[in-house]
Structure formats: structure tokens, C-alpha cells
Amino acid sequence: MASVAENIGAPPGTLFYNGEERTDRIKITLIEYNESDFFEQEFYDLSDCLSHVKPNMIKWINVEGLHKPELVEKIGKIYNIHPLTMEDIVHVDQRPKFEDYEHYVVAIMKMISYDNKVNAEQLAVILCENTVISFQEPDGGDAFDIIRTRLRQSKGRVRKLGADYLAYALMDAVVDCYFTAIEKIGDKIEEIEEDIIDGSDKKSLLELYHLKREMIYLRKQVWPMRDMINNMVRSETILINPTSDIYLRDLSDHVTRIIDTVETYRDLLSGIMDIYLSTNANKMNEVMKVLTIMSSIFIPVTFIAGVYGMNFDNMPELRTQNGYFITWGIMLAIIIGLLIYFKRKKWM
Amino acid sequence: MASVAENIGAPPGTLFYNGEERTDRIKITLIEYNESDFFEQEFYDLSDCLSHVKPNMIKWINVEGLHKPELVEKIGKIYNIHPLTMEDIVHVDQRPKFEDYEHYVVAIMKMISYDNKVNAEQLAVILCENTVISFQEPDGGDAFDIIRTRLRQSKGRVRKLGADYLAYALMDAVVDCYFTAIEKIGDKIEEIEEDIIDGSDKKSLLELYHLKREMIYLRKQVWPMRDMINNMVRSETILINPTSDIYLRDLSDHVTRIIDTVETYRDLLSGIMDIYLSTNANKMNEVMKVLTIMSSIFIPVTFIAGVYGMNFDNMPELRTQNGYFITWGIMLAIIIGLLIYFKRKKWM
Amino acid sequence: MASVAENIGAPPGTLFYNGEERTDRIKITLIEYNESDFFEQEFYDLSDCLSHVKPNMIKWINVEGLHKPELVEKIGKIYNIHPLTMEDIVHVDQRPKFEDYEHYVVAIMKMISYDNKVNAEQLAVILCENTVISFQEPDGGDAFDIIRTRLRQSKGRVRKLGADYLAYALMDAVVDCYFTAIEKIGDKIEEIEEDIIDGSDKKSLLELYHLKREMIYLRKQVWPMRDMINNMVRSETILINPTSDIYLRDLSDHVTRIIDTVETYRDLLSGIMDIYLSTNANKMNEVMKVLTIMSSIFIPVTFIAGVYGMNFDNMPELRTQNGYFITWGIMLAIIIGLLIYFKRKKWM
Amino acid sequence: MASVAENIGAPPGTLFYNGEERTDRIKITLIEYNESDFFEQEFYDLSDCLSHVKPNMIKWINVEGLHKPELVEKIGKIYNIHPLTMEDIVHVDQRPKFEDYEHYVVAIMKMISYDNKVNAEQLAVILCENTVISFQEPDGGDAFDIIRTRLRQSKGRVRKLGADYLAYALMDAVVDCYFTAIEKIGDKIEEIEEDIIDGSDKKSLLELYHLKREMIYLRKQVWPMRDMINNMVRSETILINPTSDIYLRDLSDHVTRIIDTVETYRDLLSGIMDIYLSTNANKMNEVMKVLTIMSSIFIPVTFIAGVYGMNFDNMPELRTQNGYFITWGIMLAIIIGLLIYFKRKKWM
Amino acid sequence: MASVAENIGAPPGTLFYNGEERTDRIKITLIEYNESDFFEQEFYDLSDCLSHVKPNMIKWINVEGLHKPELVEKIGKIYNIHPLTMEDIVHVDQRPKFEDYEHYVVAIMKMISYDNKVNAEQLAVILCENTVISFQEPDGGDAFDIIRTRLRQSKGRVRKLGADYLAYALMDAVVDCYFTAIEKIGDKIEEIEEDIIDGSDKKSLLELYHLKREMIYLRKQVWPMRDMINNMVRSETILINPTSDIYLRDLSDHVTRIIDTVETYRDLLSGIMDIYLSTNANKMNEVMKVLTIMSSIFIPVTFIAGVYGMNFDNMPELRTQNGYFITWGIMLAIIIGLLIYFKRKKWM
């Protein structure tokens, strides 16, 4: 988890990157398109990139890497971004949110991947007039390949519609990641469920706990997503075309479905925990029954054997012809009696 | 469960069927009626079907099978359906929802059946002017037979009222399925309750867990149904006659009753789980008591027997005339004393 | 519980009685009154009854028995009642609700009685101009005797005020039944609480569970009552005099108090369950301690006795003069040592 | 708890006292004041009291004792109080509430004291023009002494402001009682927490349960208090001066703090319950470990001793010179081996 | 915890300090600044301090220590602060709140620090025209050093903006404390989690409980913070410049993130508790298995040894040549049989 505390005390609007430390260069991808033309190039230098920006085209500037706040600051100054927005972009522990600054809107969200652990990489999408700027951590990247392909091949509506549709398409790609993660988690839950019903051990308990913890974490990420998208739908910014509302509502619907599933999974996990505990209690019961049956059967007869092992001079039974055999008879009667008793109690 | 993930990355509005794979032909049933006339025919070809559509009649086109997205697409183009709607129709993992696209409204919901497992088949009902188009998965079908019969026999109000009433009647038939499923689940719960009160075993625990899981799943389906219907009541579409509102409110009421019952069942199931656990703990207690009584009674007297089984040369008690009988007396006294003690403690 | 499923598939507005089967005649009681006059008669025939209806008086028609839907239908036609209302009246598994049909309003609710089990009988109160029609199941009846007496004796305000006040008085009588039931349940809870604190057994566990189940059922009945009454207060029908609002608010207040108490009882029951479980665990602990003390004390000394019961030719201790007494000494030392140890651990 | 049921069936507005039975005379205290003058006298007769009422002064009539409904009725008639209000005043099981009857407003609340048990005495405060009438149960009385003193000594603002401020001051005194009770409960919780962490026994369990029950009861009293005060703040009565709103908001704030604390205490109590249960389970574990260690160590060696206590004629070991000592060696090896094993498992 | 009860009975608006008793002098720090000038001095005397106040500058008066209510009162009179506000300032058990008194606004909140225990010191910030007065308990102080430094060095925006921005900066510093505390708690949780997964003991249980208790307490502090800030955002006071709203919204966002984290931690802690309990139950299971295996294996064979230790005269087996060896064979067969049985049951 990214550290939340290190920025403390700095004046608000201070750009402070709190993710993993990195030294590699930051890749900036510029894509420009309209219905007929398409241009795409990767840069490692901002001014280089900006010199390629052409008017009359929709621009998408994708910045991969947040570890150089000064780069974000430069872009921010060019596009007139509020310092608080820039602070949020590089401070990678944000709550998903949507904010409207009139000449631009910004949506901050998390890209999720699941690989036995929920990984969340922060993504900020800024939508200004005809331009989308996206800032992402480098590891969360390939979710956008699909959109790049669609742009290149002019597949779907994306080349025909404005920058707001592009922003929506990016967010849609992010939400799709959630579905992938959730499906993986669903498979994992089914696996653990089977394991535990078959017979629970310490390992499945820990796996169950880890999954539960990941769900708690995922839930923390996914609930504010809905608020974020709903704020976006309700916002009255002129940057989003009213005809795009239908797509945003669809997105909101997807997020609601994800939330439903996350809640369902939480319920399932607590059901599985109950099964684990009950199964354990049942096993304990079984162990105790074996102990009780073995002890109850042999302790009394061992006592009888003990009695006739005593060395008193005057023990008349010892001298009788059939004493030994009668004793065996009594002992067997006790054993059989107790066996019947336990059978009746359904302990066997 | 239908796969949620496979559609990921496709541009929004891409028709992607994610249900079970199928190859059979898709049946299209066309019913046309007004107060005096009635026409009904099954088709396996869309253009064939559409050639039979007559003006001045209310039309119900029922499509059974969603596994050929191109068919849905063709219908969508004819009736001017938004691509997102068409995507939702064939993507069978939708959350129940109602959407108003001005020239048509669409309600997506789940048909439920219970057969030791909650099965949900997706149903989409599109209401345009004088026309209802319903898309359903083939296995969820026979709930509509009743409506067909009513239409044929002109029973009830259905032939006298408009397309909106037909759409309502379809939804009402769907909601009725929920009641059937819930009643079956209620019976199952009573069964398990009895089993567990009588004496719990591993089998009832697993049954309880399965039922709980089905309830979690059912709950996920049924809560959004209410939102859906309430959105429909509140919607200001001109396609729904204000006089139909009373029927929709009735529907909303039914769904609320279903939700109440589902919640009640959840409470009952958790109550039964408590009983299971307590009963188990009680049994354990009983087992432990038997063990404790048997051990506590015989261990001390076995010790005494052991003492007089020792082979010391000088053990004066062994030589006395009545040593053996006195020992027996002491041992019996101990046994009886402990029995009284346990009786007093109410362990016996 | 009344069957919910049998009406399924029938067209909406079909009158379908789903309560207990009955064949007895249905009693219709007509009461007519104004401030000065009073008339009361029982009928078993509807037309007979209606022939007695006089203008200028407030009329209360009480129908006891819902098992003949055709009777309800007849009354419905005379008073112009909507088929959906009539369906609700005879379908005795309704959720409490209030509906405003302009020329009449209808309140459907449950009469509750508690007799080791919560029994709910459905009651529908229709208020039209100057007329109250109440439909009730025959077993829930005597709650209205008090109102009849008040009407006959012109006690309280009831004869001076309109039909809306009569409807309110009927509902008030119904809510009073809830208080009676709740008080009985409260007594029962106190009883079980004492039983369980004194010492829990299987019987109290089952009683606790049954009470919990009844509370779940009662809760399902009582929550929608509040919505119902609040809808009534908020409704803008001209049939309810604004001056009656104060009585309805009082009623709403009563229902809120009932809900508070039901929720409190639920909390209490879950507290009692906790006590039951902890008490049980404590008992188990005690049983285990007895077992452990007995076993731990006698098992080591039995071992020593066993050692000197061995038959080796060369066992020097056996030949010593005081071996036996020394052995006793060692064994007693062990026993006393362990007793002190357990005393210190507070296990005794 | 006061009986809720006895009023059942009486016409609404019937005055029915349902508290403890009493026969003592009812004390009526009249206080009249303005900024310059102050008059105070106790009466046991209503007309006597009313003859002392002077115009141009603010009047506070405090009635201690509700067991003579006819007295309340007389006052009600003089001040034109609605019968439903009077019914609420004497029916001492009300939910805290505020009602606005235009020419007067009434606030009904509970005075709380804690003395190992939460005691709630009902208080009704009626505010009419220049007059405050308070009805209280006799045991809840001394909370008002402070206000009397302030009035006599003209301390604080109370003599300078109107009747609404007096009503507020009374309510403030009531809310202060809650703080006292809550502080006592907080101390009690800390005590029990320590007891249980030190070592839990049956007594602390019962105390914990009783405290939990009292919290459930207190919670039922305190939640509606907030609604009551908020209704008062929002009410548009002319009897409350807008400048008093600031005091009411302060009161609302206090009640919110009480609610926060009650909820916090509930969380704490359930945390303590968890500790109790875990501590118990830990103890059980320890008991079982002792049993297991003792049994596991001595049962195998006792078996060996038993073997060489057998009386077979042909047992070569018995005849060897060192058999006995070798046997001892084996037995000690087993004992030491098992001790090491248990040490490694950290059971010792 | 500060005592809540001692102020009880005092007239509202009475200044009553209920924190720790102190006798030290109260430090008053005056900072005055505008974009160009800066003045800072510490005083121990109010009139001394006030004599330095200059017009045309933004003033920040920071009072460290609330134990002399008369000082607060004096300041209150000079700045025309309402007595209820002053009461809240010195009564250090307030719920965080924001209040608008037109000529000033006041925000009361808690400064949090975590040092194995959550410590909360009350802070009140009063914002009047061009002046911020902050009252704090002396131990919570150094969070403001950073702001002083920023003011001195004219870092960030603070010197350029008005008093409202200063008030915001103070509150932001307070919220930053929460992040520090939460991060420490997060580390602690991870530590305990590891401890408990590795192997739970009594110590970790108590630590877990203490952490849970601290979380309950922290939660009580942090939830009202959000309401407070939202009230501030929504307030229509002219003292807060609309352009500052963006900073307040950012603050609200931070508090929401803190709340999210607190809730997540609560979920984590309850998950850890579950693991603790399950791990314990697992251990118990293991202990019981060892006991059962040891007892079940040796009790039957000890019985056999006991039988042939009996002293009957006529025991034919004893006289046979190989009796002893056959008996050993039988005993070993039993032991091995049981070992295989337990192996199969996976108890070993």
C-alpha cells in the first residue's frame, strides 16, 4: 500500500509522489485523430511531444509514470490545471473521484488487477476541450491497448465522436479490468469452497482469510467508483456532450453490477467461514467420540482386571475353577453392553 | 453463471452473447391482436415473420434464443433500438433495469426457477408503439403460455388494453415465477429446520449452506427488480398509459413482498445455523460428560486395585483376613460417592 | 402460512382466496349510526343486508369470512371497487398497504394474536363516502367488539365524527392487538431469560429459537404497517378529514413504538442466545476440569502402582522393609502436589 | 416496565395511568417570575394553585405524580389541551416526541437515572403562552432543583428570557441526567472489562449481559430523543422564539453526543464479550493440554508396567538380572521423549 | 477520557473546563501577516497581546491551554463570541461541529495522535473578519509548527490568501494528524496479523482487543468530522470566500478517505479475530487428537496386560509355552491396527 503519511505538513497543492520509487524515464504517448486522420507517437520528452500537437484533431496524451512530479507540473501549467488536481494525480492513494473545474474535468480512479492479490494502480483522466490527458502508473498500462487498436482501425464509434467519448472509453476499459479481477476471485472462491467442504485444514483457513482481506480492499476501491461516475452523470459541464450520458449511465450500471458481485462474494465468504468452523467443530466432535468410546469401554474392564490382579491372601474368587472364565464373561458383557449403548446414541 | 469477462475490451455496443453455447434455430413467435381479431404463428426466419406484421393491431414478437446476436441486431435496426440496449439483451448477465429511450422503453429482468438450485434466465421486454418485443433464453419459456392462452381466449382485460398492458402482463408472469421459487425454498427451509432440530449431521449442514448460497444469489437478482419497476412507475414515457400505473404499482408491491420473504428466509437460515451450532455444542457436552463420568469413576478405583497388585514383600493389608473385602467396600464407596456427586451436578 | 403460489398465472384482478378452506356461511354485520340514531343487524345474505342501508347515516359493513370471492365481488361492484383491490382483499397474504383510488381508499393490514405462535389474520378496510366496509377472516374478529360497544353506548367521540374516524378506530383496535401480543412475548422472553441464566438445556434452546422465529415473522408484519399509516397521513384524499390527521399521527406513533419494541426484543433474544452459548461453554469447561483433575491425579500414581506390580525376579525395592510405605508416601506426595497445583490454577 | 396493554380497547383520548400504583397526594408547585419578581409555592389542590396565577409573569406549574388522571384532565381543560396529549401524559410508556398543537406545544421525554439499572421516568413539558406546565412521575424529580435555584437566585439568563427558555432549561436538565447515567455506565464497563481480562467467571458474564440489556433499553430511550428535539428545532410554532433555536441546536448536539456514546458502549460491550469467549476458549485449551500431557505421558508407561505385571510362566525378561532396570530406562526414555515433544509443540 | 458529568446542572453557557487539571501559564501566540509583512510574538498576558494587534493585517491568535476559562471569556467578550461557543471551547469533550454565528464561524474538532493509544486533544478554530483565533489543549500543539514555518517563509499560497485560507490550513494540519495516526495503526494491525497467523497467544488477543477499542474510539471522533466539514462547505457565511470551497472539498475528501480506512481496519480486525478463534479451535483439535490417539492405542492393550496380570489359579493361557509372545503379538496387532485407522482418518 502506498504510504499516506509522507506528504503531511506540506502546503496543500504540493506535488508529492508517494508510490513506489522509480528512476526510469517516463513514456508519453500522443495520439491525435479525427474521423479521417490518425497520428500516434511515443515521446520521452514533453516539449518534443507538445510540438506535435495539431489543432482540429482530438488529442490523447497518455503519461505512463508519476514518479517525476515536475513533469506533471509542467503539463498542468500548460493546460491550466489546478494545483490540487495535480497533487491528487501524483499522490497515488486517492479515493476515486470526479471533479469539475469548468475548463476541465478530472476523474481519478484505480485500475485493478488480481493475481492472488488485488493490485490497484492509480489513473487520472483529465478532459479539456478536444483533449484527454491520462496519467497512469506504468504497471497498469495494457488495458488501453484495446482502445489504441480501436482508434487505429477506426473500429466502433470512437473515431466519430468527441474527446468525451474517448474519456468514457478509457474509463470503460478500467471498469472492464474489474470484471476480469472479479471473475478470477469468483473462481478462487469456488476452489476454496470445494477445499473446505471436502475437508478443512489450516491452509484453506489462511487462503480464506487472504481472500477476505482482498475483498475488503477491493470493496474500498469499488464503492467510491459509483459515486464518481454518478457525479459525472449529474455534472453540468459542457465538456461532456449530453448524448454521452447514455454511455456514462451504462458505465454506472457496470459498476453497480461489480458492487453487487463484491457484496455477494463477501456473503459467500462469510458463509464459507461458517462452514469451515462447523466442519471443524464436527471433526472435534468425532475425535471426542472416538476417545470417549475407547475410554468408556476399556476403563471399567481394566478396573476389573486390576481387581483380580490384587495380591490379597484371601480372595476366594481366585481359587474357583471357573473364576477366570466368569470374569472374562463379565468383562465381555460390559464391553458389548457399552457398544450397544453407544450404537443407540448414534455415536458409532 | 454466465461468464462476465469475455466481452472485455470490445467497443461498447458490441453484441456479444455470453450464455451457454447453442446451435439450434431460434424460434420467433408473432402474436397480433386487437379486441376482435387474433393471429398467432411461429417462425424460424425473421423476414418471414415481419412480412406478417399488420397495422392496427397490437404486435407481440417473442424471440426464444439469444445465441445469434446478428438476429437481435437485425430486429434492433428495424425498430431503431440503441446498440447499448442490444448489447444488454444478448449479454445475459445484466442487472435488472429499466431504460427509457423515448421511442421505446426496455425492461431487462431475470426469470427465476428453483430446482434445488436457483436458475435465472434473462428476459428483455421492449415496448414501442403498439409493439412488444420480448427476447428470452429458450429454457425460461413456459411462463408465457398462460398469457398466450389468455390472449387466445380473450380472458381478462388483456385484449382490450394496449401494448403497455401486455408488457405489464409479461412482467407479472415473471414475478409470479419468483413466488413459485420462493414457496419451494420455503418448503426446503422447513425440511432442513426439522432435520436439524431432530439431530444434525454433516449432510444437513451442507444443505443449509447450499440453501444459504442460493438465497444470496436470489437476493442479488430480486433487489434490483424493485428499482427497475419503480423506475418504470416514475418514468414519464408516453408509451405507458397512466391508467396502467396502478398495475405497475401492484407489481412493485409483489416484488416488495418477495424481497420481504427473501430477507425473512435469510434471517430464518441464520437462526437455523445457530441451532445447528448449539445443538452440536450440546452433543459435544454430552459426549464429554460420558467420558468424564466413566473416567472419574474408574480411574481412582483402578488405582486402588493397582496398589494392592504391587508385589512388595511387606504389605500388611494383604495378609489380613478381610483386606480384600474391605478394599471392595472402599472401592464401591468411591464409585457410589462419585455417582451421587455427578447426579447432584446434573451431569447424569 | 397461506399459500402464495396458487394464484400464479391467473390474470391480474382475478379473485382468488388462498386462506384456509372453509364452507361455513359468511356473516355480514351492518351498523348504521349518526349522533342520534343507531341500528345494528347481522345478515347471512348480501342483498338482504343492502336493503337495510339508509341515507344520512354512517354505515359500517363488516364481512367476516373471505372464502367466497363471489360475495366480495358483488360488494365490489356495488361500491365500484377496483378489481386489483378485490384481489388483494381475498388473497390473504398481502403486505400491509394503503391505496387511494379517489372515490375510495383501502387499507390492508394484519390482525395479530399471540398464543405461543404469532397468528396473523388479514383485514381490509375500505372507506368510501359515509361508508366503511371491512373484510376480515373469521378468527380475527373480537377485536372490534369494543368498537361496537362504544358505538352502541355512544361512548367517546365515535358517534359524533365521520366515517373516517370509524376507519381510524378500527385500525386503532388492530394496532392494540399488537400491543397485547408484544406484551405476551415480552413475558415469554423474561421467562426464557431466567431459565437460561439458571441453567440451559435443549428445551430452552428450542424455545428461544421458536421465539426468534416468531419475532422474525412479527417483524415482517409490523414494519410495512408504519409505511401504510404514513402513506395514509400523507395521502391527499378528501375522504379523510384533515382534523383526523392527529389521530392517524397518534396511530403512526403507536406503530413506531411497536417496531421499537420488536427491535429491542430481537436484540434481547440475541443477547440471551449469547448467554446460552457462553453458559454452555462454561459448563463444558467445568466438565473438562473435573476430567483433567481426576485423570491427572490418578494416572501418575496408577503408573507407580503398576511399576511395583511387575514380576521381575530382581526388584530390590520390593524386598525392603518399608518399600511399600515409602511408595505410598511418594504417591500421596504426588496427589497432594497436584491438588495444590490445580488449586493455584483456580481449577478447583 | 410499565404495562402497555391495559389501555387497550378504550376509546382514543381516554386518560389511563399505567405506571406503578400510588395513593399519595399529588404535589403541584407553582413558580411565577419575571426579571424583577419571583413567587414560589407548593399546593396539594389545583384550584388553590390556580387562584395564585398572576398575569404579566411567566408561570411554571410542575405536577409531581400522574396517578390521578382526573387532575391532569382538569388542567387540560383549563389550558385547552387536546385529549390525545393528556392520554400521552398519563400513559407512562410513551416514545419521546414533540407535537405542535398551535396554541401549545408538548414535548414528552424520559428522565433517566442509572443505579445498576436504567430507570426511566416520564416527563411531559407543555409550553403555552407565558406558561410552562410540566408533568412528572414523583421519583424523577430532583433534576429540576437546579433550575429552581437558578430562578430564585436569578442566575444565568433564565429570568431574563421567556417561557420557551424555561422549557428549554427543563429539557436541558433532563439531558444532563443522561450524561450522569452514561458516565456511571462507562465506569461499570471499565470495571467489567478489567474483571474479564483478569480472568472471567460466570458472575462477570451475567454482569456483562445485564449491562448489555440496560444499553439496549437506554438506546431505545435515547434515539427518539434526537428526533424529538430536531422536530422541535424545525417546528414553526410562534411559541418558541427564533433566538432560542441556538439553545435547541445545542441540546440536539448533546443528545447526538449521548447517542454516539451509547453506540460506542455497545461496540465496547460486544468487544468485551468476544474477549470473554476467547479467554474461555483459551482456558479450555490449557485444561485440555494438561490432560493430554498427563495422559499421553503416563498411559504408555503404565502399559509397559502392565506387561511385566502379567503372570505368564514363560516371560524370559522377568528372569534377567537387569530386566527391571532396563524397563525403568525404557519408561524414563518414553517420558522424557514425550516431554521434549510437547515442549517443542509449545504445549508446555 | 474527560469527565462529561461535572458541568451538569450549570446554566447553559457556563464556562466549565473539564479536561486534566493544570496550573501552568497559558501561552498566547500572535501572528500577524499580509503578503509583504510578518509579525510573530508569544505572550503570557492577554491585554499585552491585544495591544500588538494591527489593522490591515491578517491576525492569528493561538491560545495554548484551556484550563483558565476566564481567559477564554475575556477573548470571547472582545470578539463578541456567543456564551454557548465559549462553553464548547473549554468543555473538552465536544463532538466535532461547525457553527455559523454570522459575524464569526467556529469549527470544533479533535487533534489525534496515536501512541499505542489514541489521544484526542480538542481544538476550536474561530474565524472572524481578518482574524483566526484557535484554542487548543497544550499537548496537541506541534501540528501547527509547519504552518508557522510556511507563514514565516511565505511558502505556498498562505500569505497571499485571507483568514479563511489560514483557518483551512489549520484544519488541514489537523486532518494530516489523522493520517499519521492511521498509518501507525495500520502498521500495528499488520504486526498483530502476523503474530496471530504465526501462532496466537493471550498477549496478541489482548493487543487485538486494545486496537479494536482504539478503533471504536477513533471512529467516534472521525465520523462527525465529515459532517462538520460538509456543513462548512454548505454554509453560506460571507467569511469564507467561495474560492476556498475547493480547498474545503479537498479536506472533506481527505476525511472521507480516513473514514474509509477506519472502516476497512475495523473489517480487518474482525477478520483477524476470526483467524484467532479458528486458529485456537484448530489447536484444540490437534491437542484432542493427540490425546485420543494416545489413549485409544494404549488403553486396550493395557487392558489385555491387566487380564494376564490377574491371579486366578486356573488361567490356562499363562501356562502355555508361547502365551506371552502370542499376547505381545495380539497387542502389537491392536496398536498397529489403530495406527493405520488413525492414519486413514488423517488424524496423524
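**Ground rules.** I number residues from 1 along each chain as its sequence is written, with chains lettered from A and ligands numbered from 1 in the order in which they are written. As the model is predicted, I kept local features to pLDDT of at least 70 and side-chain atom pairs to pLDDT 80 or more, while totals for chains, interfaces and linings use all residues.

**Entry 1: chains E and D.** I started with the contact between these two chains, which takes 44 residues from chain E and 50 residues from chain D. I called two residues in contact if their C-beta atoms, placed from the backbone, lie within 7 Å. On the side of chain E that touches chain D, the elements giving two or more residues are α6 (202-234), α7 (245-307), α8 (316-319) and α9 (323-344) of chain E. Helices (H or I, at least four residues) and strands (E, at least two) are DSSP runs, numbered from the N terminus. The largest share, 18 residues, comes from α7(E). I sorted that side of chain E into 26 nonpolar, 10 polar and eight charged residues. For this, Ala, Val, Leu, Ile, Met, Phe, Trp, Tyr, Cys and Pro count as nonpolar, Asp, Glu, Lys and Arg as charged, and the others, Gly among them, as polar.

**Entry 2: symmetry.** How is chain E laid on chain D? I found that a turn of 72 degrees and a shift of 0.0 Å along the axis does it, with an RMSD of 0.1 Å. That is the relation of a five-fold axis. In chain E, the C-alpha nearest the axis belongs to E:G309, 4.6 Å from it. The superposition is by least squares on the C-alpha atoms of residues with pLDDT of at least 70 in both copies.

**Entry 3: helix α9 of chain B.** I checked the length of α9(B), residues 323-344: its 22 residues should span 32 Å at 1.5 Å a residue, and the end C-alpha atoms are 31 Å apart, which agrees. The expected span is 1.5 Å times one less than the number of residues. Next I looked up the buried residues of α9(B), which are B:G323, B:Y324, B:T327 and B:M331. They cover an arc of only 105 degrees around the axis, which puts them on the same side of α9(B); the arc is that of the directions from the helix axis to the C-beta atoms. Buried means 20 or more other C-beta atoms within 10 Å of a residue's own, exposed 12 or fewer, and partly exposed in between, with C-beta atoms placed from the backbone. The cover over the buried residues of α9(B) includes α7 (245-307) and α8 (316-319) of chain B. On the face turned away, I noted exposed residues including B:L332, B:I336, B:I340, B:K343 and B:R344. Just after α9(B), B:K346 takes a positive phi of about 60 degrees.

**Entry 4: two residues of chain C.** C:N62 sits in strand β3 (residues 58-64) and is buried, with 22 other C-beta atoms within 10 Å. Leaving out residues up to four places away in sequence, C:N62 touches C:T29, C:S134 and C:F144. C:N62 and C:S134 are 72 residues apart in sequence, yet 4.7 Å apart C-alpha to C-alpha. I then turned to C:I258 in helix α7 (residues 245-307) of chain C, which counts as buried with 23 C-beta neighbours inside 10 Å.
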